[in-house]
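Hi,

Here is the structure I said I would pass on.

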Amino acid sequence: MSVIKLGTPTIATVQKVGNKLNEEGIAFASKADDITLASEFISALIKNTFKFDVFSRLYAIDDLDSNNVYRFARNIFSNKECFVSQSNNLARHLYDQSIHPNIINGEFYVIYIEDCCVNGQNADALLLLKTEIKDRFLTVTYENGEYSIKPQFGLSTKHIDKGCLIFNIEKDNGYLLSIVENSSIRQDGRYWTQNFLYAKEIISDFQHTENVANFCAALVQKVIEINPKRALDLAKASRSITQRLQENGSEINTTDLISSLALDEDTTSVLSQFRHDYEEKVGKIPDKFVCNQSALKRKAITKSNVLRVGSRFEVKILDPSAEIDQGYDDEKGRSFLKLYF
């Protein structure tokens, strides 16, 4: 995982960006505001919402200059005097992409952050935010000898709808980006990442670890559906894979790892076809990668380590070498497990 040290937010603009399909228009900024006093708030917002485990780059089919966000960000990094005009250009570009019927109007923030540090490299950054669903707060004021309580709506440090941090490094490759895009409540076509930013993920060992864990978990569930009698053996094999993927920094041979799930001829044939179908849909699984333990915290294979016993019991396999016998009691007419400890 990259080591990110945030700098100091210095100036910002706020624009109102509506839905272009509904002709809601834009309210441009006329000046930049000094937000150094809000430094702790902005830092908390970034820490609470950006993960810094997956990074992206601004992308273009031909020339990076054809990517509007890249061009406007580069102008700001080159000359902060044009911050307001380029921020308005960014707002105009966002408005032009806001043509999905479910896109909600909201405030668009452009915030300049000085003196960040990315893996030991100093760089300024731009923070782009689009707020659509505001949080409710209660404020207490004291006037004329009396207290009054009023509800207000605003930006929370715990949630943002859409955000992007553009670090001023790797300029020739489209900068280094960390992106947040929450569209779980309503589908809006992911216009933030795909249309506005036009960004592509940088494939890293984090994604490789996550993809392999997801693949193994899906494969285990598929095999159990086909051959439930092998559920215990598969749960043990899944635990063994989990342990290997938790060895942070170790090099993993993907074929050897996945082969541990090939318990017999039936599971081997399912594995081969399942891998082919998975790679057709998701992308090729690498032959080797360096394990990144952080990936398992988000989407782990651990759910496949749980052995369901009938409809009322679950046994979690913590040790793949654990001695567990299973069988059927003819006298009682029920299946059983024996756990040795």
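**What I found**

Sorted by class, the residues lining the largest pocket are eight nonpolar, eight polar and nine charged. Keep in mind as you read that this is a predicted model.

That pocket holds about 670 Å³ of space. Its lining is made up of 25 residues, and the ones nearest the centre are Ile179, Val180, Glu181, Arg190 and Glu201. If you want to find your way around it, look at helix H1 (39–49), strand E11 (176–181), helix H4 (191–197), strand E12 (199–201) and H5, each of which gives at least two residues to the lining. E11 has the largest share, with four residues.

Now for the rings. Searching the whole structure turns up twelve aromatic pairs. One of them is Phe52 with Phe55, a stacked pair at 6.3 Å centre to centre with 20° between the planes. Both Phe52 and Phe55 are buried.

Another is Phe215 with Tyr278, this time edge-to-face, at 5.1 Å centre to centre and 70° between the planes. This pair ties together distant parts of the chain: Phe215 sits in helix H5 (residues 205–226) and Tyr278 in helix H8 (residues 265–281), 63 residues apart. Phe215 counts as buried because its relative accessible area is 0%, and Tyr278 is buried too, at 14%; the cut-off for buried is under 20%.

Last one to look up: Tyr70, Phe77, Phe83, Tyr112 and Tyr175 are joined into a cluster by ring pairs.

Cheers

Note on methods: Residues numbered from 1 in each chain as written. Predicted model: local features only at pLDDT ≥ 70, side-chain atom pairs only at ≥ 80, totals over all residues. Heavy atoms only, no water. Phe/Tyr/Trp six-rings, centres within 6.5 Å; stacked < 30°, edge-to-face > 60°. Buried < 20%, exposed > 50% of the residue type's maximum accessible area, 1.4 Å probe, protein only. 1 Å grid on protein atoms, 1.4 Å probe; cavity = no way out; pocket = protein on both sides within 12 Å on 5 of 7 lines; lining within 4 Å. Points joined across faces, edges and corners; volume = space filled by probe spheres on them. Nonpolar A, V, L, I, M, F, W, Y, C, P; charged D, E, K, R; others polar.
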